[in-house]
Amino acid sequence: NSAVSRVGLRLYQHIYIFSLYKKFFSDDDDEKCPLVLIPGHERGDMILLIHENLENLEHTFPDENTNGFIYAKVFGGFEKIRSSICDLVTISRLLNATLVIPEIQQSTRSKGVSYKFKSFSYLYDEEQFIMLLKNDVNIVKSLPEYLKAARRRSEFPTFKPKNSASPNFYVKEVLPNLKKAKVVGLIVTDGGCLKSILPPSMSEFQRLRCRVAFHALQFRPEIQILGLRMVERLRVSGQPFLAYHPGLVRDTLAYHGCAELFQDVHTELIQYRRAQLIKQGIINDELSVDSHSRRENGSCPLMPEEVGLLLRALGYPSKTIIYLAGSKTFGGQRLLIPLRALFGNLVDRTTLCSKTELSDLVGPEAPLPADIFRLPLPKSEQQLIDQWKRAGPRPRPLPPPPDRPIYQHEKEGWYAWILEKDKEPDPSPMEHRMQAHRLIWDALDYIVSVEADALFPGFNNDGSGWPDFSGLVIGQRLYERASSRTYRPDRKTIAALFNITRDDMYLPKRDWMLSVKEHLNRSLSEDGFFRQSLLSKPNSFLSHPLPECSCRIPSVETTKQIKGKDGGIVFGGEEECPKWMELARAEGARNDDMESAEDDNDTVEQLEPDAVDATSSLTSLIDHDEEWDPND
């Protein structure tokens with residue numbers, strides 16, 4: 001029942017399918033068979049995905065003589081990094097290029113991380129990444145020595161593609177430069193560098209994205225072990241647990257203009273960031289907008305208090321274990337107080353892990369200089385006289401009284417600059433290091449959220465075009481087991497329901513609770529699934545990797561295709577699984593039945609000697625307690 005055993009079972013299924021693969025195909029046909037191993041969704045079995053034309057299309061292995069090297073710098077947080085790496089591998093395959101391991105800028109040595117890790121290996125397993133993609137793309141750890149000096153002199157062309165870049169851009173713009181210079185650089189800042197939905201003729205490239213995201217991008221072993229250990233600790237009580245990601249990120253809140261939903265300094269911080277996005281041309285809107293109308297439109301997140309009330313309306317008891325995902329919640333712990341009051345078992349990584357376990361993940365780091373608070377130096381008498389002379393023509397009023405000194409406790413926190421300055425200062429060395437640490441914390445939260453019994457996203461499909469944490473988790477849960485309980489609330493509908501009972505949120509009427517329960521249960525069904533596919537796939541393929549990364553067993557009827565606004569298929573139209581796979585599934589089912597029968601026999605043999613004692617003890621319990629219900 002532990003997470004470790006489930007992972008072991010998945011590994012066993014991988015090996016088992018490979019053995020069946022060898023059984024049904026001869027050695028001569030191994031390299032020609034266009035089959036790719038991908039976990040399926042039907043009853044948890046492992047399935048193999050086929051190409052469009054099984055008879056004619058062959059899986060082409062990467063050519064040793066490639067067109068050149070592609071190196072990339074990836075900026076952004078956990079979700080942007082994960083999505084960008086998948087796009088980079090796909091582009092390398094498209095251009096027949098050798099990919100240099102991408103550089104994760106938030107975890108470079110300049111950020112003060114441990115000397116044990118390079119930028120990519122700080123989060124992911126380099127060796128596994130290269131090995132699992134060796135049949136798709138040539139990947140190297142660094143440029144050859146004779147090219148490194150030229151890169152330092154910036155002699156190679158560099159591109160900064162958008163996350164909506166089309167394959168034609170790379171074929172027409174990047175490929176000629178690659179063939180000429182043999183090296184090109186990509187700077188990825190938008191959470192991706194290739195459009196989400198590709199033409200049907202490029203379905204193999206979509207499957208490659210799945211192989212990268214769900215197989216090749218494995219966290220380094222220390223992160224995986226601790227993440228699975230956290231899942232075990234959450235299940236130790238025998239109760240299911242729910243993962244909740246608030247999605248309260250400063251950039252996203254600024255993009256949608258949700259500043260008025262917060263208070264005090266957080267409103268100013270959101271507005272400052274929104275002004276920056278307007279200046280950069282990312283937002284074509286006014287600085288001050290009505291946040292409450294945006295919330296009613298579904299453009300703002302569900303606050304933790306609202307999520308707690310929704311879960312209570314669904315019937316979740318107050319003892320429900322809720323795992324709070326997200327390395328950083330904008331607004332701080334104050335926003336979580338109402339949710340913690342409704343559900344006392346609200347836990348996070350700091351609750352489940354000791355400080356030693358978390359520090360071991362980070363590795364040994366050099367000490368940073370202490371950030372000692374210092375009062376501003378007093379001005380000399382001559383400086384005061386010069387200031388008085390420059391103050392303007394006489395007569396003039398008396399100088400204002402000196403400003404109240406800002407004490408140390410008022411400067412604590414990453415937002416202290418807003419008390420003194422109008423411009424946000426550059427991050428300090430400690431803040432750079434904390435940004436790198438957040439990648440590890442998000443990785444732990446990702447593992448727990450994927451394994452959770454239920455998932456409730458606070459803010460996904462926000463329409464900003466950036467990949468979001470909840471969307472990636474939803475995509476992997478859909479890929480591994482489509483039947484997992486994942487809520488997909490419509491924030492516009494939820495906002496309308498809360499407007500009805502805003503004055504009596506904690507004592508709502510029964511009709512209101514029934515409406516909430518009906519909406520959230522519908523979000524678990526096909527209605528919520530279809531709505532999720534239409535909203536999420538145009539922005540992030542990994543949030544809805546269907547139908548490209550799945551196949552259909554012959555006994556299931558062909559599903560009706562559903563197309564998005566741009567004409568891409570978001571659901572239906574899966575290829576039929578090959579016949580030999582049915583034989584593999586049948587043989588796997590027989591083996592599972594035999595194993596379960598053996599386990600049942602072992603259990604019976606162990607219980608038989610104690611059967612009489614158990615019956616007598618049960619009888620004595622009933623005799624001693626007349627009110628005891630034997631059906632309990």
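Which cysteine forms a disulfide with Cys-210, and how far apart are their sulfur atoms? In this predicted model, the partner is Cys-549, and the two sulfur atoms lie 1.9 Å apart.

## The disulfide of Cys-210 and Cys-549

A search of the whole structure finds 2 disulfides, and the link of Cys-210 and Cys-549 is right-handed, with 95° about the S-S bond. Cys-210 belongs to helix 6, which covers residues 203-216, whereas Cys-549 sits in the loop between helix 21 and strand 14 (551-552), so the pair ties together parts that are 339 residues apart in sequence. Both Cys-210 and Cys-549 are buried.

## The disulfide of Cys-258 and Cys-300

Cys-258 and Cys-300 are also joined by a disulfide, with 2.1 Å from S to S. The torsion about the S-S bond of this pair is about -100°, so the disulfide is left-handed. Cys-258 is found in the loop between helix 8 (250-256) and helix 9 (265-279), and Cys-300 in the loop between helix 10 (291-296) and helix 11 (304-314), so parts that are 42 residues apart in sequence are tied together. Cys-258 and Cys-300 are both buried.

## Two other cysteines

Cys-86 takes part in no disulfide, and the nearest cysteine sulfur, that of Cys-210, is 8.6 Å away. Cys-86 is buried, with a relative accessible area of 1%, and Cys-193 is buried as well, with a relative accessible area of 0%.

The search of the whole structure finds 4 cavities of 30 Å³ or more, and the largest cavity holds about 100 Å³ of space. Its lining is made up of 14 residues, of which Asn-461, Trp-466, Asp-468, Asn-539 and Ser-540 are the closest to its centre. Helix 18 (469-480) and helix 21 (526-536) are the elements that give two or more residues to this lining, which by class has 3 nonpolar, 9 polar and 2 charged residues.

Within helix 21, the residues Gly-528, Phe-529, Gln-532, Ser-533 and Ser-536 are buried. Seen down the axis of helix 21, these buried residues fall within an arc of 135°, so they line one face of the helix.

## An open parallel sheet

Strands of a sheet pair through backbone hydrogen bonds, either parallel or antiparallel. Here, an open sheet of 5 strands has parallel pairing and the order 11-10-9-12-13. Strand 11 (346-347) and strand 13 (485-486) stand at the edges, each with a single partner strand, so one side of each is left without a neighbour in the sheet.

Strand 10, made of residues 321-324, runs parallel to strand 11 and is joined to strand 11 by 2 bridges, and Ile-322 stands opposite Leu-346 in strand 11.

Methods:
Residues numbered from 1 in each chain as written. Predicted model: local features only at pLDDT ≥ 70, side-chain atom pairs only at ≥ 80, totals over all residues. Heavy atoms only, no water. 1 Å grid on protein atoms, 1.4 Å probe; cavity = no way out; pocket = protein on both sides within 12 Å on 5 of 7 lines; lining within 4 Å. Points joined across faces, edges and corners; volume = space filled by probe spheres on them. Helix = DSSP H or I, 4+ residues; strand = E, 2+ residues; numbered from the N terminus. Nonpolar A, V, L, I, M, F, W, Y, C, P; charged D, E, K, R; others polar. Buried < 20%, exposed > 50% of the residue type's maximum accessible area, 1.4 Å probe, protein only. Arc of directions from axis to C-beta. Pairing = 2+ DSSP bridges. Disulfide = S-S within 2.5 Å.
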